[in-house]
Amino acid sequence: MLRAARRRLPARVTNLTLLVALVLAFATGVGAVATGSARGRWIVLGHGAAAALVVVLVPAKTRIARAGLRRRRAGRYASLLLAALTVAALVAGVLHSTGLVRSIAGLPALWFHIALALALVPLLAWHMVARRVQVRRTDLARRTLLRTGSLVAVAAALDVVVTLGTDAGGLPGSRRRFTGSYETASFDPTGFPPTIWLADAVPSVDAGPWWLTVVDAAGRRDVPLEELAAGGVRRRALLDCTSGWYSVQDWDGVPVGSLLGDRTGARSLLVHALTGYWVRFPVGDVDQLLLATGVGGAPLTPGHGYPLRLVAPGRRGYWWVKWVDRIELSPDPWWWQPPFPVT
C-alpha cells in the first residue's frame, strides 16, 4: 500500500502534504514544550505522528528533489540545507525519544532537536515562496485524498510501532513522562539540575535586608524572608523542565494565596524575579501556587532560586520563577504575555 501510494501520488500533492506535515510538526512541537499536564498529552502524540508522516514522505520527496537538482535551479543549495536540517532534527528527536542518546557534546539531545527545528523555519518559509505550489481542484479529488490518507495511516502505524518497540525493547525512552522528559534525581534536592531559562543568570542576593513585595487590591506591602520561611507548608510537586528532565521534590514554603488579601478586579497574578524575568498566571490558579524557601528539608541554593522560588504544579519549568521579588495582582488577562518568556 505504501509503495503504491508513493508512486501514484502527484509530486505537487507530495509537496503539499510534506508542507502540512512540517507545519504540524512545528506547531505541535511548540505545544509539547508548553504543556505540562496530562490533558495536553494529545499534543505530544500529534507531534510524533506528524514527524512520522515526514519520515514516510522522505522517499517520494527524494525523487522529486533529484529531478529538481538536475535542472540546476537557483537556490538549490538552500533547499539542500533545508533537507539536511529536517533530517538532522528528526534524528535528534528519535535519539532523545528512544533514549539511545540523551546528550550530545554535553548538551541534551532535545536541545539539538529544538535548535535544528527553529533553524529550518526561515528556510521553510523561503522554500514556500520560491517553490510555490498551486493547489488544484484535482488535488482534492477522492482518489488523491484516499492515497494521501493511506500515507497518513502508514505514518500513524509507524509512530505506534516505534513507541511499542521502545517499550518492548526496554529502551530508556520507555520510562519517559508523556512530555518526553526523563526522571532525574527525584527526592534528591542536591541532585536535580539548576537549569536556567535562556539568558537568565544566578543573581547575587543579600538575604539580610531581603523582602518580597506583595501587591493586591488593598495596596502594597513588603514581607521579610524570615516571615516567609516560617510559613511551615510542605508540598510534593513535579518539576518538568523543557530541557528534557523531570524531578519530584518536597518543597517548603508559603502558599501564594495566603499572602494575597483583596483580589477584587484581578484577572491575573504577575510573578516577577530579581533578574527581570516574569510570567502571568490566571487568578484562579493562585491557590495552587507555592512560594518555596526550601526543598527536601534544606534551604534553596542560589542555582535553585534562593531565597524564594515559585512552585507551579502542572506547569513546565519556565513557569517556576526563581529569585522571586514581587507578586502582583493585575486586571490584565493572564494571556497578556509572550507565549514563552523572552528574558
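Is Tyr318 buried or exposed? Tyr318 is buried, because its relative accessibility is 5% and buried means under 20% relative accessible area, with exposed over 50% and partly exposed in between (1.4 Å probe, protein chains only).

Before going on, some ground rules. This is a predicted model, in which local features need pLDDT of at least 70 and side-chain atom pairs count only at pLDDT 80 or more, while totals for chains, interfaces and linings use all residues. Residues are numbered from 1 along each chain as its sequence is written, and side-chain values use heavy atoms, with hydrogens and water left out.

On confidence, pLDDT is the predictor's confidence in each residue, from 0 to 100. The chain averages 88, and 94% of the residues score at least 70. The lowest mean, 48, belongs to helix H1 (residues 2-8), and the highest, 98, to S12. Helices (H or I, at least four residues) and strands (E, at least two) are DSSP runs, numbered from the N terminus. Where pLDDT is low, the predicted coordinates should not be read in detail.

Now the aromatic rings. Searching the whole structure gives seven aromatic pairs. Rings of Phe, Tyr and Trp (its six-membered ring) pair if their centres lie within 6.5 Å; planes under 30 degrees apart are stacked, over 60 edge-to-face, and the rest tilted. Tyr318 and Phe340 make an edge-to-face pair, because their ring centres are 5.4 Å apart and their planes stand at 65°. Tyr318 is in the loop between strand S12 (309-311) and strand S13 (324-330), and Phe340 is in the segment after S13, so the pair ties together parts 22 residues apart in sequence. Elsewhere, one aromatic cluster is formed by Phe192, Trp245, Trp251 and Trp320.

Arg102 is over the face of Tyr182, 3.8 Å from the ring centre. Arg315 is over the face of Trp319, at 4.3 Å.

Last, the backbone. Which peptide bond is cis? The bond from Tyr306 to Pro307 is cis, with omega near 10°; Pro307 is in the loop between strand S11 (298-299) and S12. Trp323, in the loop between S12 and S13, has a positive phi of about 55° although it is not a glycine, and at 2% relative accessibility Trp323 is buried. Phe187 also is not a glycine and has a positive phi, about 60°. Phe187 lies in the loop between strand S3 (182-183) and strand S4 (211-216) and, with 47% relative accessible area, is partly exposed.

Key
A charge sits over a ring if NZ of Lys or CZ of Arg is within 6 Å of the ring centre and within 35 degrees of the ring normal.
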